[in-house]
Amino acid sequence: MKARITILCENSVGSISGTIGEHGFSALIEPAVGDPLLFDTGQGLTLLHNARRMNKDLSLVKQVIISHGHYDHAGGLKPLLEECGPKLVYGHPSVFKPRYRVKDTDECYSIGIPVSREELETAGAAFDLSNEFRAIAPGVYLTGEVPRVTGFETGDQGLYCDCNGHESDHTIDDQSLLLETERGLVLLLGCCHAGLINTLEHIAKMTGRRDVYAVIGGTHLGFCGQEQLTSTIAALRNMGIKKLAASHCTGFAASARLLREFPKEFQLAMVGYTLEV
Ligand SMILES: [Fe+2]
Ligand SMILES: [Fe+2]
């Protein structure tokens, strides 16, 4: 396929005046042939505003993918449905599970999807939930649940299924979107809680291909330890990825390190970032 990918929601904004940032992620995929798809929806504060500012008509989108059930990826779903009409919404069966961030100070924040499944269905969502690798449009695949195979991708230690911090949340619903393009595979990440290398290994196993042209989105490396960052960089070095457009939960320090390690490949995928493949 040929497509244009545009970041609609992200923590920072690029050069398009009048767009605004929020802690979140959303990317619009406009294939040369066929309807546009939306991967994640941000928190809900910026999606519709930024789309309008960038002349993107989200009523043309029929398929929406929710990478995982965190508020900063799924919070924009309700305003999107209310303003732009019914959508087919893809995700993992555990996407509506309650989840929390518990800080070292014992402060607890709810970080799950802020509205119920029923409320979203009333607003026009038709959910298609699965944990399998699958095609959802020509050349467009969802990874499904990503097996955790590397020893070093230990993930974010502050995520829990309860506010007391008794049960860790491994965010098994985390999945990424894969595009089969003429330049190679393009991988879109929400937060990549499953780990970037686990995700890349999973798609290699599912497709038999390792020609990843671009990786775009949140790597969560900003919330993981230095050891994970260093081992991830070492693993990426042999993969020949041409564009490493990290953003969102990658954070400033990990982004700076990635830029130093991959000066030709690294880019910041902020609001307004566009890639044509
Ligand atoms: Fe996130
Ligand atoms: Fe997340």
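Against which helices do the buried residues of α6 pack?

## Model and conventions

This is a predicted model, in which local features need pLDDT of at least 70, side-chain atom pairs count only at pLDDT 80 or more, and totals for chains, interfaces and linings use all residues. Residues are numbered from 1 along each chain as its sequence is written, and chains are lettered from A and ligands numbered from 1 in the order in which they are written.

## Helix α6

The buried residues of α6 pack against α5 (196-207) and α7 (251-261). Helices are DSSP runs of H or I with at least four residues, strands are E runs of at least two, and both are numbered from the N terminus. Buried means 20 or more other C-beta atoms within 10 Å of the residue's own, exposed means 12 or fewer, and partly exposed lies in between, with C-beta atoms placed from the backbone.

In α6 (residues 226-236), Q228, L229, T232 and L236 are buried. They lie on the same side of α6 because they cover an arc of only 100° around the axis, the arc being that of the directions from the helix axis to the C-beta atoms. The face turned away from this buried side carries the exposed residues Q226, E227 and A234.

The chain has seven helices and 17 strands. Of its 277 residues, 45% count as buried.

How values were computed:
Two residues are in contact if their C-beta atoms, placed from the backbone, lie within 7 Å.
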